[in-house]
Every structure is written in structure tokens, then in C-alpha cells.
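I opened this entry to keep track of what I looked up in the structure, item by item.

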Amino acid sequence: MKVFELYLRILKKQVWIYAAYFLIFLGVIVTVKEKDLIIYYQYACMAIYIIVLLGISSVTAVTSNVGLNLRQKAAPIRIELLELRYIGTDVFILIFIWMMFLWTAVILYGEIAYSLKGLLYAADLFVVSLVALALGIFVGNFFKTFQGRFAVANFIAFGLPILGGVFSFMPQKEYLLSSFTPIFWYQKALEEASGNIEQYFYYIGIEFIFAVAIVAFEMVLIKQKKQQL
């Protein structure tokens with residue numbers, strides 16, 4: 001079976017969950033008092049995190065299956081190449097989800113969504129979503145049941161934005177651990193998108209470091225896990 005077909009078979013079983021979270025997100029955006037594009041992207045990080053985390057963790061839970069890996073090793077294709085295909089498909093899915101949020105912003109806010117400031121907001125959302133991608137792979141490797149993945153994905157998707165200071169009723173200055181979350185730097189980058197561009201890219205870089213650090217940590221744990229088998 002082709003890799004992309006395998007992903008589609010897994011994801012379509014849960015498409016109603018992704019749709020539900022996206023519709024809830026749209027409901028919040030439509031009812032919020034401030035009709036500002038930055039508000040849209042502040043709340044978008046929660047919705048895209050839960051969708052990416054659930055989707056990527058679900059496919060990773062299947063592709064990292066021990067029995068499946070053993071069959072792959074007996075196949076005429078190198079296991080490293082197959083894993084690279086998995087990662088490529090993960091990134092493709094992430095881009096598709098991100099584009100869905102970008103075009104929704106265009107529909108809701110018009111020209112400002114694809115102005116320079118709007119595109120900087122969107123780029124910021126994509127980079128912070130790479131962290132969600134890395135977390136999704138981690139959750140999929142270590143939480144094999146859907147209930148476990150669902151619980152962890154919800155905890156991360158709502159916990160990180162709250163700790164990172166998304167909500168105005170919970171000021172960032174009251175959090176000692178805020179700077180240790182990628183969402184904190186995501187918020188900082190959003191604030192600088194129409195101001196100091198150098199600071200904007202500095203904050204974007206910090207978000208990317210979070211993604212790289214999580215992937216490196218995962219690789220160590222996965223290597224140890226394989227050695228124990």
C-alpha cells in the first residue's frame with residue numbers, strides 16, 4: 001500500500017473530530033468582540049494544535065507499530081527511505097491543515113489576510129505548528145491507544161496556549177514558565193509582525209529551536225526503545 005493511501009485510511013476515520021474542533025474555532029472567532037486578524041491567529045494556534053496532534057499521532061501510532069516495522073525490514077525498500085516518506089507525508093498533511101487556516105482567514109478578513117502583515121502572521125502559525133508536528137510524532141510513538149492520544153493531545157493543545165498567554169484574562173507576566181513554551185514566543189512574534197521585523201524573525205527562530213529540540217529528544221528515546229526490542 002502506498003504511504004499516502006495509508007495516511008488517508010487512518011485520517012478519514014477521525015475526520016469528524018478535526019471538523020468539530022475547526023467549527024468550534026470558527027464559532028469562537030465569529031462571536032469574539034474584536035474583529036482583528038491578530039485575534040484570529042492567537043486562537044488559531046489552539047485549533048491547529050489539536051488537529052495536527054491528533055492527526056499526526058494517529059498515523060505515527062500505526063506506522064511505528066513493531067509488527068509493521070518488522071514487515072518493512074523484510075521489504076525490498078530501505079527502512080530509512082520509508083521513514084523519510086513518512087516524515088514527508090507528515091509535513092504535507094501539516095501544510096494542508098495550515099493552508100486551510102490561511103484561506104479561512106482570507107475568507108473572513110479579506111485583503112488584510114494576504115497583506116505582508118497577514119502573511120507574517122500565517123508564517124508564524126506554520127512555524128509554531130512544526131512544534132505540534134514534532135509533538136504529534138512523539139505522542140504517536142508512545143501512546144498507542146486512541147484514548148491516550150486524545151487525552152494528551154487535548155492537554156497539550158489547551159495547556160500550552162493557556163500557559164503561553166493566549167488569553168487576555170491571564171496576563172503573561174504572571175507565568176514564570178511562559179518563556180519555556182513555544183506559544184509564548186509565537187505570541188511575541190505576532191506582536192512584532194507589524195513592528196520590529198528583526199525581533200519577529202528572532203522569535204520565529206526560537207519556535208523552530210523548540211521543534212528541533214523535541215525531534216532530537218524523540219530520536220534518543222526511539223533509539224533506546226528499538227534497542228530494548
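Is α8 mostly covered or mostly uncovered, and how many of its 11 residues are buried? I was working with a predicted model, and in it I found α8 to be mostly covered, with eight of its 11 residues buried. I noted them by name as Pro182, Ile183, Phe184, Trp185, Tyr186, Gln187, Ala189 and Leu190.

Next I looked up the nonpolar core. The largest one holds 73 residues, and those with the most contacts inside it are Phe25, Tyr40, Tyr41, Tyr49, Phe101 and Leu125. I listed the helices that each supply at least two residues of this core, and they are α1, α2, α3, α5, α6, α7, α8 and α9. The largest share, 19 residues, comes from α3.

I then followed Tyr41 on its own. Leaving aside its neighbours within four places in sequence, I found Tyr41 in contact with Leu102, Ala105, Gly118, Tyr121, Ala122, Leu125, Tyr186 and Leu190.

Last, I turned to the pair α1 and α3. Their axes come within 10 Å and cross at roughly 120°, which makes α1 oblique to α3. I recorded the crossing of these two helices as right-handed. On the α1 side the contact involves Leu6, Tyr7, Ile10 and Leu11, which meet Gly55, Ser58, Val59, Val62 and Thr63 in α3.

Terms used. Residues are numbered from 1 along each chain as its sequence is written. This is a predicted model: local features need pLDDT of at least 70, side-chain atom pairs count only at pLDDT 80 or more; totals for chains, interfaces and linings use all residues. Side-chain values use heavy atoms; hydrogens and water are left out. A nonpolar core is a set of buried Ala, Val, Leu, Ile, Met, Phe, Trp, Tyr and Cys residues joined through side-chain atoms within 4.5 Å. Buried means under 20% relative accessible area, exposed over 50%, partly exposed in between (1.4 Å probe, protein chains only). Helices (H or I, at least four residues) and strands (E, at least two) are DSSP runs, numbered from the N terminus. Contact means heavy atoms within 4.5 Å. Axes are lines fitted to C-alpha atoms, for helices over the stretch in contact, and angles run from 0 to 180 degrees between N-to-C directions. Angles under 35 degrees count as roughly parallel, over 145 as roughly antiparallel, 65 to 115 as roughly perpendicular and the rest as oblique. A crossing is left-handed if the near helix is turned anticlockwise from the far one by less than a right angle, and right-handed if clockwise.
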